[in-house]
Amino acid sequence: LSQDDPLTNLNTAFDVAEKYLDIPKMLDAEDIVGTARPDEKAIMTYVSSFYHAFSGAQKAETAANRICKVLAVNQENEQLMEDYEKLASDLLEWIRRTIPWLENRAPENTMQAMQQKLEDFRDYRRLHKPPKVQEKCQLEINFNTLQTKLRLSNRPAFMPSEGKMVSDINNAWGGLEQAEKGYEEWLLNEIRRLERLDHLAEKFRQKASIHESWTDGKEAMLQQKDYETATLSEIKALLKKHEAFESDLAAHQDRVEQIAAIAQELNELDYYDSPSVNARCQKICDQWDNLGALTQKRREALERTEKLLETIDQLYLEYAKRAAPFNNWMEGAMEDLQDTFIVHTIEEIQGLTTAHEQFKATLPDADKERQAILGIHNEVSKIVQTYHVNMAGTNPYTTITPHEINGKWEHVRQLVPRRDHALMEEHARQQQNERLRKQFGAQANVIGPWIQTKMEEIGRISIEMHGTLEDQLNHLRQYEKSIVNYKPKIDQLEGDHQLIQEALIFDNKHTNYTMEHIRVGWEQLLTTIARTINEVENQILTRDAKGISQEQMNEFRASFNHFDRDHSGTLGPEEFKACLISLGYDIGNDAQGEAEFARIMSIVDPNRLGVVTFQAFIDFMSRETADTDTADQVMASFKILAGDKNYITVDELRRELPPDQAEYCIARMAPYTGRDAVPGALDYMSFSTALYGESDL
């Protein structure tokens, strides 16, 4: 319907009334809607038709409702009866099935199975029984409700089928709970019993496993024959090990007794797997008895073997104590007999021969000792054969065998005649060497003093002042000729020395001279005569070049020789200083004097050898006594060229000197740095001193 469309609303009402209520259509909707005041009677007639239609329908409905209500109550009661019957039947059936299960007391063999039964019982209490309790309660509620409804509806009381009364159900339920209570007690008792059995069985298995693990391999170990090949130390170690095993065996006795007690208890508690427990226990006990017997047997065998090996060990020790020094004696003897001796004198070879003869005298006693040592070894062999001892190895105290002793003894016997022959040959060789020593010594004792004498004579000639330098030179050349003529004797001595070297002779008591001494002396003699001749020649050149007279030369020599106190032909620094002071030089002990002496030493000893030769002395003295100083003269000349200035310029050098010499000076002169210096000024003073080695330029 629509509030805004009354025409449609009226047409719909008229159509529904005609179709469903058998009310004919009396008015048109348009006449009602389109008329300001419709016909009141017509409207009332139409409305009364609706009233009569609805009033008749309500009476029929009321009658139908009453019938339906009665039937519904009856149907509901019947349904409750059916539900009660079915629920009672199902509940009784469940109780009937459950009680035998709860009354079943058949025990299980394993804790796991009993735990499963307990778990099933807990499921029954937790999952299966609560719904049944609810059903029983609901059954009672339904029964009481049904009886009340029947009474209120004036119906007769409900009588369930036989055996399905509430009291029957309560009786059955009581039987269920009684069975349930006994079942739970039985389960707990059975679980405790199995728990005890499982604990005992596990304890039995653990102890049995530990014992079996300990005994594993013990029988094989006790049956070993390792003592048959063991040494005495190994036997003693085996005995200690066996004693430790016996202690261990005794300690395990308690475990075996515990295993037997547990097996007995399992039998008394009717353990389901008692046969296997009994079999295992019996096996352990039998094995234990066998271990005891094997242990006793092994101890007897070890003690018997120990006694035999102790006897053998004593013999081994005695053998080793005597064999070791005897073997050392033989090795020492072989070493001495094969020693490649080196002797240099007759006395030494005679000493070796005497010692060898003394050694040969000891051989008979040594052979007796050898026989005694072999007898000890033979005694050991006899014990081994008699008692069937299986020796594991050789003598632990020594590695020396009888075979080695016999072999070395035979070797010693073979070496003795070889040593006799070698000593005889060496004796003959030493006699020949002695002849060579005497021959060399006779010549060396002549040549050595001759060379020394010539050296002294040449030294005297070089420092004497007899005659002129030319006379000294002639005298020295005559000496040189006589020295050269002496060379064949040196060569002859070299030949004898070669024979001595080939004979490997290293000392000679017949002379203090060696060939090396002779060679060095000869070479020094040749060097000295040549150097002395050269010094005299240089003195002549110096004398002639500087105009030194013979008297001045003699004075220089006299001064030099006077201060050459050790006659070495040279002056040391202190000797040279004393000589300079005697000649009038002012050299004090102050710093200035030391500086002046150092300057002079740098001139006479430029190589810093620490000595002043006579030639250097002559050069210095001739230079010091000259009329002008060369460095000063050069500086004075440069000063003239420079116009009396302290410096000189490049232009002045190029103007006054030849080109090459001017460029030489320009390249080597240092810049002048004085106060009066001008650009390009050169220092001619330092250049002049450098020309004569008097500066570091």
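Student: Which residues of helix H17 are buried?

Tutor: Happy to start there, keeping in mind that this is a predicted model. Helix H17 covers residues 573–582, and a residue counts as buried when its relative accessible area is under 20%. The buried residues of H17 are Glu-575, Phe-576, Lys-577, Cys-579 and Leu-580.

Student: How many helices does the chain have, and what is its radius of gyration?

Tutor: The chain has 23 helices, along with four strands. For 697 residues the globule rule gives 26 Å, and the chain is well over that, so it is more spread out than a compact globule. Along the principal axes, the C-alpha atoms fill a box of roughly 205 × 125 × 45 Å. The radius of gyration is 75 Å.

Student: Where does UniProt place the feature "coiled-coil region", and how far apart are the end C-alpha atoms of residues 235–269?

Tutor: The unreviewed UniProt entry places this feature at residues 70–97 and 235–269. Residues 235–269 are 94% helix and 0% strand. The end C-alpha atoms of that span lie apart by 50 Å.

Student: What is the helix content of residues 1–55?

Tutor: UniProt, in an unreviewed entry, places the feature "domain: Calponin-homology (CH)" at these residues. Their end C-alpha atoms lie 24 Å apart, and the span has 0% strand. The helix content is 67%.

Student: Is Lys-132 buried or exposed?

Tutor: Lys-132 meets Glu-135 in a salt bridge, at 3.6 Å from N to O. Both residues lie in helix H4 (residues 111–152), three residues apart, about one turn of the helix. Glu-135 is partly exposed at 22% relative accessible area. With a relative accessible area of 17%, Lys-132 is buried.

Student: Which helix holds both Glu-410 and Arg-413?

Tutor: The side chains of Glu-410 and Arg-413 form a salt bridge of 3.8 Å, N to O. Glu-410 is partly exposed at 36% relative accessibility, while Arg-413 is exposed at 53%. They are three residues apart, about one turn, in helix H12 (residues 402–463).

Student: How many residues apart in sequence are the parts that Arg-519 and Glu-494 tie together?

Tutor: The side chains of Arg-519 and Glu-494 meet in a salt bridge at 2.7 Å, N to O. Arg-519 lies in helix H15 (residues 515–546) and Glu-494 in helix H14 (residues 487–502), so the pair ties together parts that are 25 residues apart.

Student: Which residues are linked with Arg-299 in a network of salt bridges?

Tutor: Side chains of opposite charge can pair when their charged atoms come close. The structure holds 30 salt bridges. In this network, Arg-299 is linked with Glu-243, Glu-246 and Glu-303.

Note on methods. Residues numbered from 1 in each chain as written. Predicted model: local features only at pLDDT ≥ 70, side-chain atom pairs only at ≥ 80, totals over all residues. Heavy atoms only, no water. UniProt positions renumbered as here; feature names shortened; annotations may be inferred. Helix = DSSP H or I, 4+ residues; strand = E, 2+ residues; numbered from the N terminus. Rg over C-alpha atoms; globule rule 2.2 N^0.38 Å. Buried < 20%, exposed > 50% of the residue type's maximum accessible area, 1.4 Å probe, protein only. Salt bridge = Lys/Arg side-chain N within 4 Å of Asp/Glu carboxyl O.
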